[in-house]
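Here is a short briefing on one protein model. Please keep the sequence and the 3D view open while you read.

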Amino acid sequence: GSIGKPMTSVEAKIVNDEGNEVAAGEIGEIVLKGPAVMKEYFKNPEATSEAVKNGWLHTGDLGKKDNKEYFYFSGRKKDIVRRGGENIGAEEVEYVLNAHPMIAESAVIPVPDRIRNEEVKAFIILKPGSELIPEMIVEHCSEKLAGFKVPRYIEFIDSFPKTAKLSIKKHELRSMKEDHTV
């Protein structure tokens with residue numbers, strides 16, 4: 001699962017939202033610095049100032065590193081659920097969901113929660129002929145994920161809105177009528 005170590009000409013670290021480096025094993029944003037890292041966006045100083053801070057390129061990728069300085073990708077910063085102070089990568093939850101033998105495809109998004117800020121919602125497409133109830137999905141996820149990462153809301157759908165490159169349009173899922181089923 002490791003994406004390896006940085007090249008010798010590149011510095012890399014994991015930082016929190018305030019830009020402070022986090023401890024080994026903690027998830028944060030991967031930032032890079034060095035001559036092999038982009039200098040700026042072409043004719044776009046505004047985008048450059050958003051992405052490059054104090055000489056560090058903020059990649060928008062979430063990850064962690066271990067005690068041996070190996071890095072691990074966890075997902076995209078824009079594709080996380082912030083539940084009660086924890087950052088949950090949607091991709092990690094989707095990986096576990098998609099490993100279920102009756103699930104054809106899944107998508108995870110954050111939904112508002114008055115107590116924990118956001119909760120994990122999973123949209124599920126079942127394989128043809130499969131029957132699955134939300135409790136079975138929760139049980140499956142509970143065996144493979146930390147408790148706070150297990151989807152709180154599950155919605156079965158027939159198809160996903162997709163781009164021309166077949167990526168799921170999660171922004172459209174976020175705008176769908178909220179039907180939270182557990």
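Glu 29 sits in strand β3, residues 28-33; strands here are DSSP runs (E, at least two residues) and helices are runs of H or I of at least four, numbered from the N terminus. The model is predicted, so local features need pLDDT of at least 70 and side-chain atom pairs count only at pLDDT 80 or more, while totals for chains, interfaces and linings use all residues. Residues are numbered from 1 along each chain as its sequence is written, and side-chain values use heavy atoms, with hydrogens and water left out.

**Glu 29**
- Glu 29 is buried, at 7% relative accessible area. Buried means under 20%, exposed over 50% and partly exposed in between, with a 1.4 Å probe and protein chains only.
- The side chain of Glu 29 reaches the backbone nitrogen of Thr 59 at 3.4 Å.
- A polar atom of that Glu 29 side chain also lies 2.8 Å from the backbone nitrogen of Gly 60.
- Contact means heavy atoms within 4.5 Å.

**Helix α2**
- Helix α2 covers residues 90-98, and its buried residues are Ala 90, Val 93, Glu 94, Val 96 and Leu 97.
- Seen down the α2 axis, these residues fall within an arc of 160°, so they line one face of the helix. The arc is taken from the directions from the helix axis to the C-beta atoms.
- They pack against β7 (80-83), β8 (86-89), β9, β10, α3 (134-144) and α4 (170-175).

- Strand β9 spans residues 103-113, and eight of its eleven residues are buried.
- Strand β10 (residues 117-126) runs antiparallel to β9, and ten bridges join them. Strands pair if DSSP finds at least two bridges between them.
- The two strands form a hairpin with three residues between them.
- Pro 110 has Val 120 in β10 as its bridge partner.

**Nonpolar cores**
- The largest nonpolar core has 17 residues; Leu 97, Val 108, Ile 124, Ile 137 and Cys 141 touch the most other members. Such a core is a set of buried Ala, Val, Leu, Ile, Met, Phe, Trp, Tyr and Cys residues joined through side-chain atoms within 4.5 Å.
- α2, β9, β10 and α3 each give two or more residues to this core. The largest share, four residues, comes from α2.
- Another core, of ten residues, lies apart from it and includes Val 111, Ile 157, Phe 160 and Leu 173.

Notes:
Polar contact = N/O pair within 3.5 Å; in protein donor to acceptor, adjacent residues only side chain to side chain.
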